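Morning, everyone. Please take a look at the model on the screen, and I'll walk you through it.

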Amino acid sequence: MIITNLEKSFNENVNRLLESQHWQSSMHTQSALRYYQERPLNEGKKVEERSFILIWENEPVIAFRGATVETNGTIDLLAYEVPSISFENKVKLTTTAAKTFLKEFDRIMKKVNGDIWYRDFLMNGELSILSRHLLRKGAKLIPVLSQVIDLSQDKATLKQQIRKSYNSLINWGLRELNPKIFDSLNITWGEMDAFRQLHIREAGSKTRSKKSWQRQLEMVKAGEAFVAMGFLEEQLVTAGFFLHSKTNCYYGSSASRRDMFNKPLFHSLMWKGIQHAKKIGCCWFEVGEQIYPNYPQEPLHSNKELGISEFKAGFGGKTRILLDFKLSF
(Lines give C-alpha, C1' and ligand atoms only; values in the text may rest on other atoms or scores of the structure.)
Protein backbone atom coordinates (compact mmCIF):
# COMPACT_ATOMS: atom_id res chain seq x y z
CA MET A 1 0.00 0.00 0.00
CA ILE A 2 1.30 3.44 -0.96
CA ILE A 3 0.70 6.26 1.54
CA THR A 4 1.41 9.82 0.41
CA ASN A 5 2.33 12.82 2.54
CA LEU A 6 -1.31 14.01 2.30
CA GLU A 7 -2.60 11.11 4.38
CA LYS A 8 -2.89 11.28 8.16
CA SER A 9 -0.85 8.15 8.83
CA PHE A 10 2.12 9.29 6.71
CA ASN A 11 4.23 10.90 9.46
CA GLU A 12 3.50 8.07 11.89
CA ASN A 13 4.71 5.49 9.37
CA VAL A 14 7.75 7.56 8.44
CA ASN A 15 8.72 7.67 12.12
CA ARG A 16 8.25 3.90 12.38
CA LEU A 17 10.56 3.35 9.43
CA LEU A 18 13.12 5.84 10.73
CA GLU A 19 13.46 3.77 13.91
CA SER A 20 15.37 1.21 11.82
CA GLN A 21 17.78 3.85 10.47
CA HIS A 22 21.09 4.69 12.18
CA TRP A 23 21.46 7.73 9.87
CA GLN A 24 18.53 10.14 9.63
CA SER A 25 18.96 13.19 7.43
CA SER A 26 18.49 16.43 9.35
CA MET A 27 17.64 18.25 6.11
CA HIS A 28 14.57 16.10 5.42
CA THR A 29 12.52 16.35 8.59
CA GLN A 30 8.99 17.64 8.11
CA SER A 31 9.82 21.08 9.52
CA ALA A 32 13.02 21.30 7.43
CA LEU A 33 11.06 20.61 4.24
CA ARG A 34 8.60 23.38 5.14
CA TYR A 35 11.59 25.70 5.51
CA TYR A 36 13.08 24.67 2.14
CA GLN A 37 9.73 25.42 0.47
CA GLU A 38 10.01 29.11 1.18
CA ARG A 39 12.62 30.26 -1.34
CA PRO A 40 10.98 28.68 -4.42
CA LEU A 41 7.59 29.94 -3.24
CA ASN A 42 9.00 33.45 -2.80
CA GLU A 43 10.35 33.24 -6.34
CA GLY A 44 6.86 32.49 -7.64
CA LYS A 45 7.54 28.84 -8.43
CA LYS A 46 4.91 26.13 -8.16
CA VAL A 47 5.86 23.45 -5.64
CA GLU A 48 4.25 20.15 -4.67
CA GLU A 49 5.56 17.62 -2.16
CA ARG A 50 5.82 14.15 -3.68
CA SER A 51 6.87 12.20 -0.60
CA PHE A 52 5.39 8.74 -0.14
CA ILE A 53 5.97 5.54 1.84
CA LEU A 54 5.32 1.90 1.01
CA ILE A 55 3.55 -0.29 3.58
CA TRP A 56 4.25 -3.98 2.95
CA GLU A 57 2.75 -6.73 5.09
CA ASN A 58 1.65 -4.07 7.59
CA GLU A 59 5.18 -2.67 7.91
CA PRO A 60 6.67 0.54 6.44
CA VAL A 61 9.60 -0.71 4.35
CA ILE A 62 10.76 2.14 2.08
CA ALA A 63 10.05 5.87 1.72
CA PHE A 64 10.82 8.69 -0.69
CA ARG A 65 11.15 12.33 0.38
CA GLY A 66 11.03 14.90 -2.39
CA ALA A 67 9.00 17.49 -4.25
CA THR A 68 8.45 18.88 -7.71
CA VAL A 69 9.38 22.49 -8.40
CA GLU A 70 7.99 24.12 -11.55
CA THR A 71 9.71 27.12 -13.14
CA ASN A 72 8.21 28.55 -16.35
CA GLY A 73 6.85 25.15 -17.34
CA THR A 74 10.01 23.19 -16.44
CA ILE A 75 9.40 20.66 -13.66
CA ASP A 76 12.31 19.40 -11.52
CA LEU A 77 12.24 16.69 -8.86
CA LEU A 78 14.30 17.37 -5.72
CA ALA A 79 13.41 18.43 -2.17
CA TYR A 80 12.69 22.12 -2.87
CA GLU A 81 16.29 23.36 -2.38
CA VAL A 82 18.14 20.18 -1.43
CA PRO A 83 18.34 16.73 -3.05
CA SER A 84 15.55 14.21 -2.67
CA ILE A 85 16.30 11.05 -0.68
CA SER A 86 14.94 7.61 0.10
CA PHE A 87 15.41 5.32 3.09
CA GLU A 88 14.61 1.65 3.38
CA ASN A 89 14.51 -1.31 5.74
CA LYS A 90 16.77 -3.66 3.80
CA VAL A 91 15.78 -6.65 5.94
CA LYS A 92 12.07 -6.33 5.19
CA LEU A 93 12.24 -4.90 1.66
CA THR A 94 11.43 -7.81 -0.66
CA THR A 95 12.00 -7.80 -4.41
CA THR A 96 8.26 -7.50 -5.04
CA ALA A 97 7.96 -4.61 -2.58
CA ALA A 98 10.88 -2.81 -4.26
CA LYS A 99 9.17 -3.15 -7.65
CA THR A 100 6.00 -1.64 -6.21
CA PHE A 101 7.99 1.29 -4.80
CA LEU A 102 9.79 1.92 -8.09
CA LYS A 103 6.52 1.79 -10.01
CA GLU A 104 5.18 4.65 -7.85
CA PHE A 105 8.43 6.58 -8.28
CA ASP A 106 8.21 6.15 -12.07
CA ARG A 107 4.67 7.53 -11.95
CA ILE A 108 6.04 10.70 -10.32
CA MET A 109 9.01 10.81 -12.68
CA LYS A 110 6.66 11.01 -15.68
CA LYS A 111 5.67 14.49 -14.47
CA VAL A 112 9.31 15.69 -14.70
CA ASN A 113 10.62 17.39 -17.82
CA GLY A 114 13.63 19.07 -16.18
CA ASP A 115 16.11 17.56 -13.72
CA ILE A 116 16.04 14.96 -10.97
CA TRP A 117 18.41 15.48 -8.03
CA TYR A 118 18.75 12.59 -5.58
CA ARG A 119 21.25 11.82 -2.79
CA ASP A 120 22.32 8.43 -1.47
CA PHE A 121 23.91 8.30 2.01
CA LEU A 122 25.30 4.82 1.23
CA MET A 123 23.89 3.08 4.26
CA ASN A 124 26.10 0.09 5.15
CA GLY A 125 28.24 0.94 2.14
CA GLU A 126 25.51 -0.06 -0.32
CA LEU A 127 23.62 1.73 -3.07
CA SER A 128 19.92 2.16 -2.41
CA ILE A 129 17.22 0.59 -4.56
CA LEU A 130 16.45 4.00 -6.02
CA SER A 131 20.11 4.76 -6.80
CA ARG A 132 20.41 1.64 -8.93
CA HIS A 133 17.12 2.46 -10.61
CA LEU A 134 18.28 5.97 -11.53
CA LEU A 135 21.58 4.65 -12.86
CA ARG A 136 19.66 2.32 -15.18
CA LYS A 137 17.67 5.34 -16.33
CA GLY A 138 20.90 7.10 -17.29
CA ALA A 139 21.60 9.27 -14.24
CA LYS A 140 25.04 10.80 -13.71
CA LEU A 141 26.81 9.98 -10.46
CA ILE A 142 28.55 12.79 -8.53
CA PRO A 143 30.58 12.13 -5.33
CA VAL A 144 30.05 14.51 -2.41
CA LEU A 145 32.59 14.73 0.41
CA SER A 146 31.09 15.45 3.83
CA GLN A 147 33.02 15.99 7.08
CA VAL A 148 31.30 13.98 9.84
CA ILE A 149 32.09 13.78 13.55
CA ASP A 150 31.25 10.60 15.50
CA LEU A 151 29.49 11.83 18.64
CA SER A 152 29.73 8.49 20.44
CA GLN A 153 33.20 9.62 21.54
CA ASP A 154 33.61 11.34 24.88
CA LYS A 155 34.11 15.09 25.18
CA ALA A 156 37.85 14.83 25.75
CA THR A 157 38.33 12.73 22.60
CA LEU A 158 36.21 15.11 20.55
CA LYS A 159 38.30 18.04 21.80
CA GLN A 160 41.56 16.25 20.96
CA GLN A 161 40.50 15.93 17.31
CA ILE A 162 40.10 19.68 16.88
CA ARG A 163 42.95 21.48 15.12
CA LYS A 164 45.44 22.53 17.81
CA SER A 165 45.47 26.15 16.70
CA TYR A 166 41.72 26.32 17.45
CA ASN A 167 42.06 25.55 21.17
CA SER A 168 43.02 29.07 22.23
CA LEU A 169 40.42 30.54 19.86
CA ILE A 170 37.65 28.39 21.32
CA ASN A 171 38.75 29.25 24.85
CA TRP A 172 38.71 32.97 24.00
CA GLY A 173 35.18 32.68 22.67
CA LEU A 174 33.92 30.70 25.66
CA ARG A 175 35.38 33.34 27.95
CA GLU A 176 34.53 36.53 26.07
CA LEU A 177 31.38 35.79 24.04
CA ASN A 178 29.31 33.99 26.66
CA PRO A 179 27.90 31.65 23.95
CA LYS A 180 24.35 30.42 24.53
CA ILE A 181 22.21 27.68 23.00
CA PHE A 182 18.56 28.39 22.20
CA ASP A 183 16.32 25.39 21.64
CA SER A 184 12.62 24.54 21.90
CA LEU A 185 12.66 25.32 25.63
CA ASN A 186 13.86 28.92 25.46
CA ILE A 187 13.75 30.24 21.87
CA THR A 188 11.55 33.23 21.02
CA TRP A 189 11.09 35.31 17.89
CA GLY A 190 13.28 37.91 19.59
CA GLU A 191 16.39 35.72 19.32
CA MET A 192 15.61 34.62 15.76
CA ASP A 193 14.93 38.19 14.64
CA ALA A 194 18.21 39.35 16.15
CA PHE A 195 19.94 36.61 14.13
CA ARG A 196 18.02 37.79 11.04
CA GLN A 197 19.07 41.42 11.56
CA LEU A 198 22.70 40.38 12.00
CA HIS A 199 22.51 38.36 8.78
CA ILE A 200 21.01 41.30 6.86
CA ARG A 201 23.67 43.67 8.19
CA GLU A 202 26.57 41.43 7.22
CA ALA A 203 25.14 40.29 3.88
CA GLY A 204 24.31 43.87 2.94
CA SER A 205 20.76 42.97 1.92
CA LYS A 206 17.81 40.70 2.68
CA THR A 207 18.81 37.41 1.07
CA ARG A 208 15.86 35.49 2.50
CA SER A 209 12.29 36.37 3.35
CA LYS A 210 11.09 37.02 6.89
CA LYS A 211 8.80 34.00 6.46
CA SER A 212 11.82 31.74 5.96
CA TRP A 213 13.24 32.93 9.29
CA GLN A 214 9.89 32.20 10.90
CA ARG A 215 10.10 28.70 9.41
CA GLN A 216 13.48 28.31 11.09
CA LEU A 217 11.90 29.33 14.38
CA GLU A 218 9.25 26.64 13.81
CA MET A 219 12.03 24.08 13.31
CA VAL A 220 13.57 25.00 16.65
CA LYS A 221 10.22 24.90 18.43
CA ALA A 222 9.51 21.50 16.84
CA GLY A 223 12.72 20.16 18.39
CA GLU A 224 14.43 19.75 15.01
CA ALA A 225 16.96 22.60 15.19
CA PHE A 226 18.76 24.90 17.63
CA VAL A 227 20.56 28.24 17.51
CA ALA A 228 23.91 29.19 19.05
CA MET A 229 24.65 32.85 19.80
CA GLY A 230 27.68 34.80 20.98
CA PHE A 231 27.61 38.24 22.63
CA LEU A 232 30.23 40.91 23.16
CA GLU A 233 29.32 43.64 25.62
CA GLU A 234 25.73 42.30 25.46
CA GLN A 235 25.61 42.83 21.68
CA LEU A 236 24.99 39.87 19.37
CA VAL A 237 28.11 39.48 17.23
CA THR A 238 27.83 35.91 15.93
CA ALA A 239 25.13 33.26 15.54
CA GLY A 240 24.71 29.83 13.98
CA PHE A 241 21.77 27.63 12.97
CA PHE A 242 21.96 23.85 13.40
CA LEU A 243 19.39 21.40 12.01
CA HIS A 244 18.98 17.97 13.60
CA SER A 245 17.06 14.72 13.42
CA LYS A 246 17.15 12.05 16.12
CA THR A 247 20.54 10.80 14.91
CA ASN A 248 22.18 13.62 12.94
CA CYS A 249 23.02 17.28 13.49
CA TYR A 250 23.98 19.51 10.56
CA TYR A 251 25.68 22.90 10.70
CA GLY A 252 23.36 24.89 8.46
CA SER A 253 24.31 28.58 8.44
CA SER A 254 25.85 31.41 10.42
CA ALA A 255 26.46 35.14 10.48
CA SER A 256 29.20 37.11 12.23
CA ARG A 257 30.23 40.76 12.47
CA ARG A 258 32.64 41.37 9.58
CA ASP A 259 34.17 44.36 11.34
CA MET A 260 35.29 41.94 14.08
CA PHE A 261 36.86 39.29 11.85
CA ASN A 262 40.15 39.92 13.65
CA LYS A 263 38.53 38.02 16.53
CA PRO A 264 37.66 34.28 16.49
CA LEU A 265 33.92 34.81 16.67
CA PHE A 266 32.48 31.48 15.56
CA HIS A 267 34.95 28.87 16.83
CA SER A 268 33.39 28.60 20.29
CA LEU A 269 29.85 28.47 18.85
CA MET A 270 30.72 25.54 16.61
CA TRP A 271 32.21 23.73 19.59
CA LYS A 272 29.10 24.49 21.67
CA GLY A 273 26.96 23.20 18.80
CA ILE A 274 28.91 19.92 18.69
CA GLN A 275 28.55 19.49 22.46
CA HIS A 276 24.84 20.27 22.39
CA ALA A 277 24.22 17.79 19.56
CA LYS A 278 25.88 15.10 21.64
CA LYS A 279 23.88 16.13 24.71
CA ILE A 280 20.52 15.72 22.95
CA GLY A 281 21.43 12.25 21.70
CA CYS A 282 22.64 12.78 18.14
CA CYS A 283 25.10 10.17 16.87
CA TRP A 284 26.65 12.24 14.09
CA PHE A 285 27.58 15.89 13.60
CA GLU A 286 27.82 16.90 9.94
CA VAL A 287 30.22 19.82 9.72
CA GLY A 288 29.46 20.21 6.01
CA GLU A 289 30.63 19.54 2.49
CA GLN A 290 34.38 19.56 1.87
CA ILE A 291 35.80 21.13 -1.28
CA TYR A 292 39.33 21.38 -2.66
CA PRO A 293 41.08 23.46 -5.35
CA ASN A 294 40.18 21.00 -8.12
CA TYR A 295 37.23 19.23 -6.51
CA PRO A 296 34.55 19.37 -7.62
CA GLN A 297 35.78 20.44 -11.04
CA GLU A 298 32.59 22.35 -11.84
CA PRO A 299 32.08 24.95 -10.69
CA LEU A 300 35.54 25.94 -9.48
CA HIS A 301 35.30 27.46 -6.03
CA SER A 302 36.54 30.82 -4.77
CA ASN A 303 39.29 31.25 -2.19
CA LYS A 304 36.59 32.31 0.28
CA GLU A 305 34.69 29.04 -0.20
CA LEU A 306 37.91 27.04 0.10
CA GLY A 307 38.68 28.91 3.32
CA ILE A 308 35.26 28.09 4.79
CA SER A 309 35.73 24.42 3.93
CA GLU A 310 39.16 24.43 5.58
CA PHE A 311 37.72 26.16 8.66
CA LYS A 312 35.03 23.50 9.08
CA ALA A 313 37.49 20.65 8.60
CA GLY A 314 39.44 21.91 11.62
CA PHE A 315 36.79 20.61 14.03
CA GLY A 316 37.75 17.00 13.45
CA GLY A 317 35.82 14.02 12.22
CA LYS A 318 36.28 11.96 9.09
CA THR A 319 35.42 12.55 5.46
CA ARG A 320 32.43 10.51 4.37
CA ILE A 321 31.53 9.96 0.72
CA LEU A 322 27.90 10.54 -0.30
CA LEU A 323 26.58 10.17 -3.85
CA ASP A 324 24.43 12.61 -5.77
CA PHE A 325 22.52 11.44 -8.84
CA LYS A 326 21.48 13.87 -11.57
CA LEU A 327 19.11 12.89 -14.38
CA SER A 328 18.04 15.40 -17.02
CA PHE A 329 15.19 15.13 -19.52
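One term before we start: two strands pair if DSSP finds at least two bridges between them. Helices (H or I, at least four residues) and strands (E, at least two) are DSSP runs, numbered from the N terminus. This is a predicted model, where local features need pLDDT of at least 70 and side-chain atom pairs count only at pLDDT 80 or more, while totals for chains, interfaces and linings use all residues. Residues are numbered from 1 along each chain as its sequence is written, and side-chain values use heavy atoms, leaving out hydrogens and water.

Start with strand S12 (235-244). Seven bridges join S12 to strand S13 (residues 248-256), and the two run antiparallel. Thr 238 has Ser 256 in S13 as its bridge partner. Three residues sit between S12 and S13 in their hairpin.

Now S11. S11 pairs with S12 over eight bridges, in the antiparallel sense. Phe 226 stands opposite Phe 242 in S12. S11 and S12 also form a hairpin, with two residues between them. In that turn, Glu 233 has a positive phi of about 50 degrees.

On to the core. A nonpolar core is a set of buried Ala, Val, Leu, Ile, Met, Phe, Trp, Tyr and Cys residues joined through side-chain atoms within 4.5 Å. The largest one has 29 residues. Tyr 36, Met 192, Phe 195, Val 227 and Phe 241 touch the most other members. Elements giving two or more residues include helix H7 (189-203), helix H8 (210-221) and strand S11 (225-232).

Take Met 192. What is Met 192 in contact with, leaving aside neighbours within four places in sequence? Trp 213, Gln 216, Leu 217, Val 220, Val 227 and Phe 241. Contact here means heavy atoms within 4.5 Å.

Last stop: two helices. The axes of helix H6 (residues 166-176) and helix H9 (residues 267-279) come within 7 Å and cross at roughly 85 degrees. That makes H6 roughly perpendicular to H9. The axes are lines fitted to C-alpha atoms, for helices over the stretch in contact, with angles from 0 to 180 degrees between N-to-C directions. Under 35 degrees counts as roughly parallel, over 145 as roughly antiparallel, 65 to 115 as roughly perpendicular, the rest as oblique. On the H6 side, the residues include Tyr 166 and Leu 169; on the H9 side, they include Trp 271 and Lys 272.

Notes:
Buried < 20%, exposed > 50% of the residue type's maximum accessible area, 1.4 Å probe, protein only.
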